[in-house]
Amino acid sequence: MSGILNIWVTSPDTHSERRIDPHWTVEQLKGKLELITGVPVANQILTLLDSDQDGRVVATFDDDSKKLGFYGLRDWQVIKVEDSNPATSFTGQLTDVSQVDKFELTGEEYAKRPDTVLAYKQRNKIGRFAEKSGKDDEPQSTSVPADITIGSRCEVESSEQGLKKRGTVRFVGETKFSKGVWVGIEYDEPFGKNDGSVQGERYFSCRDKYGVFVRPDKVKVGDFPEEEIDLDEEM
């Protein structure tokens, strides 16, 4: 499958990396995108953006008979899928919570309830309610394995069985948010908690929810290639 391109596909309800063949026609692409985005072929308005960080429109796929290569498609550009009639396809409603009734408690009301996570932690002395051992004041280790270097591929220990959290080391060192050495990881998938910054301090840059900081003992460096997502295999 020579010539296959890695392209971001975004729609009102989805955002994912896909493998695109520039020899497909716009009509063929729309048929495949309907299964991914939920936007019917007849409703699709497709535009090509320069990158995931640069929202400039560089082309509009306005001719269903033309091949994608005609529009100068290249790696890591973004195909934006808009719905011309969302009322009939319900796109965007999965992420619109404006009409959802919310159950809210004040902090004082929450603290009084016996059936909350907070109450459970208090009863079982978990987290900040755990008994102090006196070790909290000891300095954290500043050593880090020699193979954990910036740019290394790695896998991060996960408590969820079968889940592989793979990524690339982007930062190694001490931070302002906690004592000791931390390893900053850019995950291949949005398993993270940040974009490489914590409490207003930036340590590296990546997309939001792709960044995380973990202790060195949670990181295993090795030959961990990204798992490819082939659009054809999902049809």
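Tutor: On a 1 Å grid over the protein atoms alone, a pocket is an open set of points where a 1.4 Å probe fits, with protein on both sides within 12 Å along at least five of seven lines; lining residues have an atom within 4 Å of a point. The structure above is a predicted model, in which local features need pLDDT of at least 70 and side-chain atom pairs count only at pLDDT 80 or more, while totals for chains, interfaces and linings use all residues. Residues are numbered from 1 along each chain as its sequence is written, and side-chain values use heavy atoms, without hydrogens and water.

Student: What volume does the largest pocket have, and which residues are closest to its centre?

Tutor: The space in the largest pocket is about 720 Å³, a volume being what probe spheres fill when set on grid points joined across faces, edges and corners. Its lining has 29 residues, and W8, E17, D188, R207 and E226 are the closest to the centre. Two or more lining residues come from each of β1 (5–10), β2 (15–20), β7 (165–174) and β8 (181–187); these strands are DSSP runs of E of at least two residues, numbered from the N terminus, as helices are runs of H or I of at least four. With five residues, β2 gives the largest share.

Student: Why is the largest pocket said to lie between domain 1 and domain 2?

Tutor: Domain 1 (5–83) and domain 2 (152–221) both contribute lining residues, so the largest pocket lies between them. The domain bounds come from an automatic or database domain assignment.

Student: How many residues of the lining of the largest pocket are charged?

Tutor: The lining holds 15 charged residues, beside eight nonpolar and six polar ones. Asp, Glu, Lys and Arg count as charged; Ala, Val, Leu, Ile, Met, Phe, Trp, Tyr, Cys and Pro as nonpolar; the others, Gly among them, as polar. In the second largest pocket, of about 220 Å³, the lining has six nonpolar, one polar and three charged residues.

Student: What makes β2 and β4 edge strands?

Tutor: Two strands pair if DSSP finds at least two bridges between them. The open sheet has the order β2-β1-β5-β3-β4, with mixed pairing, and β2 and β4 (57–60) each pair on one side only, which is what places them at the edge. Strand β3 (residues 44–49) meets the criterion with β4 through three bridges and runs antiparallel to it; T47 has T60 of β4 as its bridge partner.
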